[in-house]
Amino acid sequence: MNKAYEQLQTYLERAQAFQTARVLFEWDNETLAPRAAGPNTSRVVGTLSGEYFSVITDPEVKKLVKECEKEDLTETEKAIVRELAEEIDKLEKVPAKEYREFSELTSESARIWADARKKKDFDSFAPTLKKLIEYTKKFASYRAGEGQKLYDVLLDDYEKGFDMETLDRFFGTLKEQLVPFLKKLTDSGVKVDDSFLTGDYSERDQEAIGRFLAEYVGFDFDKGVMAVSAHPFTTNLHNKDVRITTSYNNHVDDSLFSVIHESGHAIYEMGIPDDLTQTLVGTGASMGMHESQSRFFENIIGRNRAFWVPVYGRLQKQFPAQLKEVSLDQFVKAVNKVEPSLIRTQADELTYSLHVLIRYEIEKMLIEEDLDVEELPRIWADKYEEYLGVRPKDVAEGVLQDIHWSQGSFGYFPSYALGSAFGAQLYAYMKKEMDFEGLLEKGDMGRIREFLRENIHRYGKLKTSRQMLKDVTGEDFDPQYYIDYLTDKYGKLYGI
Ligand code: ZN
């Protein structure tokens, strides 16, 4: 009998319960909770997080983890113990006092950032940012292996097995091939009319079509709910309770594609098997793999002409006044309109990864080259001008637009672009295995979804994203698939 592992289970179940309660409060806070609840709920959430950490860092847990090494465990059990050991190790290497100071800083810094953004005043955030970077570097240095670069430590937190060497190659390829392709596309002078996507689209109708589309792509409303929040997101409690949100405005495509995107995240979590859910390996493999699934649903499926062949009529029926006269081809062109812009979260599929490229280059300079934060607004603007041909007129639409750095998250951004690239590599492989577009045209989502479940979702965190990609496609990560996918798709759409 595996005594140590069984004892460990009791601790893990407690930790899981605290975690689940915290996540549920956070969801509630963003969706249903009254506005005034915030500060009080924050205290509850703080206590729940504290309880979670005290279970995980209990000396008894550490002892049991050690004893587990001697026991005869299944592969899943081994993976759970490995995850736990890593988490303990990560927490232990940073002195408690410094960690507390850092937590205090981050509880303040998001507010300072929000104020600075509102006032369009970078200088009022710069000293805080400087401190955040100092802590981040110091913590990374405690955790760095022999000869390991600090930014590599951070990158590894979000995407195991992807270091600067791999990412330099990835982003280098993007820069070399996508920047000139984008230039060619914008120089072509092709105009796409998407004016009909903006207008008097009622919330009720948007919600009705949103629910239809979520279910159509495979979101199971017996295991999930959909609500409204300021920014769309997905939360999962376990594989039978996965929650998505969306928001509504007068651009109908925003809610249509955010619902499909979040459904992609949710379908991933709903596809985690029962024996993994509610364990440390019972969630998506990584940030990048999660984005690969959401973007796969949103872009590779959702912005594909074939996808709309069976359902465009349904959309027209929901919005006869706005779309009756708009043909399927006009609609597909409009939802794939390319427009170099300043804001990452509003970027189209083609230019999106260039926004991430800029952040990657800047983070590398901040962590590895001691770039002075005072220089940030200028460097940010120069890079936007160079790669996208647009220049922010202030810091709100420039360097202060994203919340990540204010939360002390450095090394997070690359996962967004990697996710799209994973998706493109999977797509290239799947097209050899099945008549992908033919299935979409027939309205048969099942085969595609089943493939993803069978090859990605069901493994949870048992494998790294890179290993999974290799096992599915038979090849290591290769950014060329992503470039080829984009240049092929947009080359055809724009006739260049
Ligand atoms: Zn996402």
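Author: A salt bridge is a side-chain nitrogen of Lys or Arg within 4 Å of a carboxyl oxygen of Asp or Glu. The model here is predicted. By this rule, the count is 42 salt bridges.

Reader: What makes K66 and E69 a salt bridge?

Author: Their closest N and O atoms are 3.9 Å apart. The cut-off is 4 Å. So the pair counts.

Reader: Why is K66 called exposed?

Author: K66 has a relative accessible area of 54%. Exposed means over 50%. So K66 is exposed. E69 has 59%, so E69 is exposed by that rule too.

Reader: How do you know that K160 and E86 form a salt bridge?

Author: The closest N and O atoms are 3.0 Å apart.

Reader: What does the pair of K160 and E86 tie together?

Author: K160 lies in the loop between α7 (150-158) and α8 (164-187), and E86 in helix α4 (residues 75-93). So the pair ties together parts that are 74 residues apart in sequence.

Reader: Is K160 buried, exposed or partly exposed?

Author: Partly exposed, at 33% relative accessibility.

Reader: Why is E291 called buried?

Author: E291 has a relative accessible area of 7%. Buried means under 20%, so E291 is buried. R295, at 12%, counts as buried too. Their side chains meet in a salt bridge, 3.1 Å from N to O. Both lie in helix α11 (residues 287-301), four residues apart, about one turn of the helix.

Reader: Which residues are linked in a network of salt bridges?

Author: E375, R378, D382, E385 and R391.

Key:
Residues are numbered from 1 along each chain as its sequence is written. This is a predicted model: local features need pLDDT of at least 70, side-chain atom pairs count only at pLDDT 80 or more; totals for chains, interfaces and linings use all residues. Side-chain values use heavy atoms; hydrogens and water are left out. Buried means under 20% relative accessible area, exposed over 50%, partly exposed in between (1.4 Å probe, protein chains only). Helices (H or I, at least four residues) and strands (E, at least two) are DSSP runs, numbered from the N terminus.
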